Amino acid sequence: MLAPALVLGLAAGSAGAQETAGPDADDYQAASALVEGNLLALLRNAEVTPHWLAADLETTGFWYGRDGETGPELVVFDLEARSRRPAFDHARMAASIAEALATAGGSAAEGDEEGGESTPTLEGLLGLSLSDDLATLTARQGAQRVTCSVADFDCAAQAIKPPEPGLLPSPDGTRAAFTRDDNLFVRHLETGEETRLTHDGKTYFSYGKWPDSSLLTVAARKTGLRQPPYLSSWSPDGRFLLAPRMDERLLEAVPFVEWVPTDGSRRPVVHLLREPIAGDEDEMNVDWLVFDTKKGGRVQVDFEGASLPDETDRPGLGAVIGWDLERNRVYLRAAGYAGKSGALVAIDVESGKATPVIWETNETRVESNTHMYNRPNIRLVRGPDDERRVLWYSDRSGWGHLYVYELADDDSADLVGTVTAGDWTVLDIIHVDEAGQQVYFTGGGREPGRDPYLRHLYRASFDPASPRAGEVVLLTANDADHHFEPAPVPMMEALFGLAPPPPRIRPDLGVFLDTWSTVDRPPITVLRSTEDGKVLAEVEQADASALFEAGFVPPERRAFLAADGETEVYSVYFAPQREVEGGRHPVIDAVYGGPQVYVAPRNFVQAVGARNPSAEPALARLGFAVVVTDGRGTPGRSSAFRDAGYPEFTQVGVEDHVAVIRQWAGLKPEMDPERVGIYGWSWGGTFTAQAILSRPDFYDVAVSGAGVYDYAAIYPGFEAFTGPAVYSDGGRTRTRPDEAPKSWEPLDITAMAGNLEGRLLLVYGDMDENVPPAQAFRMVDALIKANKPYDLLYLPNRNHGGGAEPYALLRTWDYFVEHLLGVEPPRDVTFEVKPAATVF
């Protein structure tokens, strides 16, 4: 019997049921220790964030925070000595901080008991930070901020107000843009003086408003969350502000019903969001404007006269590439309908004229990064003689590479150089060194015989006249994944209060920091030379001993052949950690399978803390053999690999997963390929449902969370992956309310409902704006019409993150224990996930 939940449907026999001693409550508790957040909290010194010292100090180097034996530590790494030292006496500083907090009425920092005495530590403090001259330490505890002199350990605490939400600070930090009553304002942060930029904003015809379709609307309404002006960008000198005006007036409302109101009300609450549905005739319109915040005035960007490529839409999230104030230009990236075109557009900030500078088209889709959520690999750069140039990313050759265009005064551009080429992929631009005319980037698949998903750092010249043009220098030779993460898009920085990370690469100093690991080897951070990648010093080794004591067993990663028998795909295996009767363990396919990301762990941190799919080590602890695979139809490789099966990429992925699991089973005699489960969330829920419905001969049990099952009944935007919507009259809009695009029929998972033979649990949250509950209801309706039994788990007041909560994880474990292992799961098990804290 499934553990308590709202479960609907008829009972069906368990797949491969047998009498075994199943996991008990102790096993569940041991598994809960292996859930991502709990595991990550045990991993120490997995990364080093360098904070570079002021140039006029005697010491050249950086300080960073680390996990010490008795609490947080701040250390200084000296580049010349190639060694580190404590930034100060930590016990003495902790005692001074404790005294300052006590004087101010706060609580003291924690201590470490040793020999009956308490040694003060920095435990419990957040935001620990040193000034670049190493003279001042700051930290937070609750509503108190502590400031200390490093030289004499003199500390003072004062109450602080939390930062005001909803502000978009200017580059110099003196002013901030914000919205109020559908209009835009700018405030001087020191004096509080406000300047009103607009007066004509109206409800649903608003300046800088986050549209109702931005996936955060219900949460913002319920919590009063204030957000910075949507998609807005300051010029580097703080004079101009680029901002949109959102027109949602013609959109119909989509209801989200809060059946169990969080305010305790007995009457359900209906939240109406104006959102388009694929095929709607009325769409949201966006006008872009440039405001002169110092001299006054505004201009509207004229996209209509821009002569953009056919069906190229106006810019979206992360679209601002950069500013050129000498020519009064701001450059944006625009993407076309169904992703089939992309352009770099120059905007004259004084006239509003928009001119396409670079554009290209593709039969499937044009991308600016192989990973959809990463920053576009496009940069404005200057040549050695101050030429205006653009680093441009394109997979026109079949592989993602970098090119150089030169900008002319008439806003045209000429291709003047190829920075990278070959049968491998540029992943992310990490650093641009204009002085040296070098770009530092991560790439995959260039080194023969190596895993193409493992990131390596490279350096290449972007000066086409350089004798080294076209030469790519490998800077990280060891066979591992090198943890270089791209900076977040600026809007995400503003929304979540993220500060741009300090650079890990310093060409002016000739060094960079490299953290690397594999799925079975904890991270190591080293200092390398920017010239040839030579290791100059070891900085840190991560300590994973507490993870291993908790029961974590690293997975295994290897390559297999896809279902076509030719293409190489990569997969990760978490071996079962609990014996079962007969020694043959059911298999669980942990999936995502979306066309915009790849998810099989490629390094130790991802093996420990991957978020989607989640809890693979926990399921292995319960006795399952868990497999995570990146099949065809996903990014990170060639265009042909990504576009396999286009536009019906999911089925290609399903067939690859089946092929890989069978190959794993040929290597691992403990695996039982006759008992296979599958689970996933979001696009993983989509993949899961399609897998059990299209391959009922292989998959027996499925948990599908927050999946899209009918692309014709959700907001538009999937066309870049599913192909254009083509209705009966050849157009992009419905000719009748119940019409679905003929071109999307192979993508309709609800039409496969009659194929269900195993057990299927659908999971949804009623406040999920990312994948609205209507998707689950459409799947349920199709199953009922097909007279198929199903199970349903409803998560009240949960958004798209509800699947990662302990309750949803426990019910997923229960479902597989009952229907794959064939035994009763334990009752009354609970656990918590440790929240992350920003110590440094």
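Modeller: This is a predicted model, in which local features need pLDDT of at least 70 and side-chain atom pairs count only at pLDDT 80 or more, whereas totals for chains, interfaces and linings use all residues. Residues are numbered from 1 along each chain as its sequence is written, and side-chain values use heavy atoms, with hydrogens and water left out.

Colleague: Why is glutamate 190 called exposed?

Modeller: Its relative accessible area is 74%. Buried means under 20%, exposed over 50% and partly exposed in between, with a 1.4 Å probe and protein chains only; glutamate 190 is therefore exposed. Glutamate 190 lies in the loop between strand S13 (183-188) and strand S14 (194-196). Helices (H or I, at least four residues) and strands (E, at least two) are DSSP runs, numbered from the N terminus.

Colleague: Which class do aspartate 828 and asparagine 797 fall into?

Modeller: Aspartate 828 has 80% relative accessibility and so counts as exposed. Asparagine 797, at 25%, counts as partly exposed. Aspartate 828 lies in the segment after H14, and asparagine 797 in the loop between strand S46 (791-795) and helix H14 (806-821).

Colleague: What is the phi of asparagine 797, and what is that of aspartate 828?

Modeller: Phi of asparagine 797 is near 60°, a positive value in a residue other than glycine. Aspartate 828 is not a glycine either, and its phi is positive at about 55°.

Colleague: What joins S23 to S24?

Modeller: S23 and strand S24 (residues 341-348) pair in the antiparallel sense over 7 bridges. Leucine 332 has valine 345 as its bridge partner in S24. These two strands form a hairpin with 5 residues between them, and alanine 338 in the turn has a positive phi of about 60°.

Colleague: What makes S23 mostly covered?

Modeller: Of the 7 residues in strand S23 (residues 329-335), 6 are buried.

Colleague: What makes S1 and S4 edge strands?

Modeller: The open sheet of 4 strands has the order S1-S2-S3-S4, with antiparallel pairing. Strand S1 (51-52) and strand S4 (83-86) each pair on one side only. S1 is joined to strand S2 (residues 61-67) by 2 bridges, and these strands run antiparallel. Tryptophan 52 stands opposite phenylalanine 62 in S2.

Colleague: Which residues gather in the patch of negative charge on the surface?

Modeller: The patch contains Glu252, Glu281, Asp282 and Glu283. Patches are made of residues with over 30% relative accessible area and no salt bridge, like charges being joined within 9 Å and nonpolar side chains (Val, Leu, Ile, Met, Phe, Trp, Tyr) within 5 Å. A salt bridge is a side-chain nitrogen of Lys or Arg within 4 Å of a carboxyl oxygen of Asp or Glu. Aspartate 282 has a relative accessible area of 37% and is thus partly exposed.

Key
Pairing = 2+ DSSP bridges. Areas by Shrake-Rupley, 256 points an atom, 1.4 Å probe, with all protein chains shown as cover. Lys, Arg positive; Asp, Glu negative; His and termini not counted. Charge placed at Lys NZ, Arg CZ, Asp CG, Glu CD.
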